[in-house]
Amino acid sequence: MNFELSEDQRAFADTARQFAAAELAPHAAEWDAQAIFPREAIAKAGELGFCGLYTPENAGGLQLPRLDATLVFEEMAAVDPSTTAFITIHNMATWMLGTWATPEVRAEWGEALTSGQKLASYALTEPGAGSDAASLTTRADKDGDHYVINGAKAFISGAGSTDVLVLMARTGTPDSGAKGISAFVVPANAPGISYGKKEAKMGWNSQPTRVINFDNVRIPANHLLGHEGEGFKIAMKGLDGGRINIATCSIGAAQGALTHAQQYLQERKQFGKQLASFQALQFKLADMTTELVAARQMVRLAASKLDAGAADASTYCAMAKRFATDAGFMVCNEALQLHGGYGYLRDFPLERLVRDARVHQILEGTNEIMRVIIARRMLEADAPEAIR
């Protein structure tokens with residue numbers, strides 16, 4: 001068991017850190033304040049391979065392990081969790097297309113997406129189907145050599161500004177549950193698609209979020225991913241990686257916040273002393289660091305389980321997502337507290353990191369649902385020995 005990063009892994013992390021410093025850090029506050037979706041910066045990330053990190057090579061991706069991808073995402077999230085989180089969602093959708101699309105669809109979209117020239121959204125959640133994703137009602141009905149899609153999706157990152165949608169829709173009967181769901185690739189500008197208003201959000205302002213409506217949207221039958229009825233399985237496989245990705249964005253945000261807090265404690269004076277000299281604040285910094293390091297190791301463990309195809313990988317991904325997003329938000333919030341009133345000002349990055357990190361406890365499955373997944377596994381007879 002080796003916890004040290006390899007030379008290649010360190011090189012990926014260093015490249016991501018340099019990219020974040022040059023292309024994200026100077027603009028992140030402006031993108032947040034003005035709700036700008038930075039397609040140019042995302043395309044530059046694509047030039048480095050960051051838009052197809054674990055997508056198969058036959059679709060133009062790097063096909064890296066999930067563990068290596070976390071190293072890249074963490075470095076970018078340390079300065080801009082919102083933009084980085086969209087890049088992780090794009091990676092997830094691109095991986096799904098690259099893994100399950102027909103050769104024709106893969107050829108059309110694969111390299112365009114992995115290069116960052118085209119962008120993808122992931123469309124699972126509906127106005128009435130959030131945590132209970134298997135109850136979704138958007139339909140895709142076969143009509144000759146096409147499918148006709150009707151319904152609506154909600155809380156879709158990038159919606160209205162991306163080029164393709166990886167969509168989950170019901171092909172079975174209304175009561176068919178998870179087994180009646182299929183996955184599709186849908187051009188984002190297909191006739192019959194309309195977009196709602198851009199949602200005004202607490203954070204994640206550098207990426208738009210909208211409702212998507214589908215009114216008799218026709219797509220070729222070869223835009224099906226995998227086979228009919230496999231959509232929910234594909235969605236859950238995507239979400240295992242997505243949960244690691246979002247957990248990593250929390251770790252990155254927390255690392256950025258911790259770095260700012262450590263520097264501030266050494267610069268700021270009160271009562272004639274540096275803040276760093278007060279033991280109460282030293283203890284707070286120690287706890288923040290401990291929680292962050294523990295969360296990072298849990299995420300890397302879960303990523304390693306997913307890379308190895310471990311039977312309980314989904315459970316580890318749920319644990320990592322629950323722990324890292326809670327710990328990451330706590331570290332960001334404590335770092336803001338250490339800055340006092342300055343932390344609440346937009347002149348400092350702390351309030352943006354706090355706002356961006358908060359939603360990580362909700363999306364890709366709420367942390368309450370993560371507890372359901374973990375508890376369900378832990379109530380099986382072999383769990384105490386298997387999950388260690």
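User: Which residues of helix 8 are buried?

Analyst: Happy to start there. This is a predicted model, in which local features need pLDDT of at least 70, side-chain atom pairs count only at pLDDT 80 or more, and totals for chains, interfaces and linings use all residues. Residues are numbered from 1 along each chain as its sequence is written, and side-chain values use heavy atoms, with hydrogens and water left out. Helices (H or I, at least four residues) and strands (E, at least two) are DSSP runs, numbered from the N terminus. Buried means under 20% relative accessible area, exposed over 50%, and partly exposed in between (1.4 Å probe, protein chains only). In helix 8 the buried residues are L285, M288, L292, A295, R296, V299, R300, A302 and A303.

User: What covers the buried residues of helix 8?

Analyst: The cover includes helix 4, helix 7 and helix 9. Contact here means heavy atoms within 4.5 Å.

User: How do I read the span of helix 8?

Analyst: The expected span of a helix is 1.5 Å times one less than its number of residues. Helix 8 has 30 residues and should span 44 Å; its end C-alpha atoms are 43 Å apart, which agrees. After helix 8 comes G309, with a positive phi near 70 degrees.

User: What span does helix 7 reach, and how many of its residues are buried?

Analyst: Helix 7 covers residues 231-267, and its 37 residues reach 53 Å from first C-alpha to last, close to the expected 54 Å. Of those 37 residues, 27 are buried, so helix 7 is largely enclosed by the rest of the structure.

User: Now to packing. How are two packed helices described?

Analyst: Two packed helices are described by the angle between their axes and the distance between the axes. The axes are lines fitted to C-alpha atoms, for helices over the stretch in contact, and angles run from 0 to 180 degrees between N-to-C directions. The axes of helix 4 and helix 8 come within 8 Å and cross at roughly 145 degrees. On the helix 4 side, R66, L67, T70, L71 and E74 meet R296, V299, R300, A303, S304, L306 and D307 of helix 8. The residues of this contact divide into 5 nonpolar, 2 polar and 5 charged. In this count Ala, Val, Leu, Ile, Met, Phe, Trp, Tyr, Cys and Pro are nonpolar, Asp, Glu, Lys and Arg are charged, and the others, Gly among them, are polar.

User: At what angle do helix 9 and helix 11 cross?

Analyst: Helix 9 and helix 11 (residues 367-378) cross at roughly 145 degrees, with axes that come within 9 Å. Residues making the contact include T315, R322 and D326 of helix 9 and N367, R371 and R377 of helix 11. The contact residues divide into 5 nonpolar, 3 polar and 5 charged.

User: Which residue does R17 meet in a salt bridge?

Analyst: R17 meets E75, at 2.9 Å from N to O. This pair links distant parts of the chain, with R17 in helix 1 (residues 7-24) and E75 in helix 4 (residues 66-77), 58 residues apart. R17 is partly exposed at 41% relative accessible area, whereas E75 is buried at 17%.

User: How many residues apart are R322 and D326?

Analyst: R322 and D326 are 4 residues apart in helix 9 (residues 313-338), separated by about one helical turn. Their side chains meet in a salt bridge of 2.8 Å, N to O. Elsewhere, D32, R346, E351 and R355 are linked in a network of salt bridges.

User: Last topic: is W204 buried or exposed?

Analyst: W204 is buried, at 4% relative accessibility. W204 lies in the loop between strand 6 (193-195) and strand 7 (209-220), and its phi is positive, near 55 degrees, in a residue other than glycine. N216 also is not a glycine and has a positive phi of about 55 degrees. N216 is found in strand 7 and counts as partly exposed at 46% relative accessibility.

How values were computed
A salt bridge is a side-chain nitrogen of Lys or Arg within 4 Å of a carboxyl oxygen of Asp or Glu.
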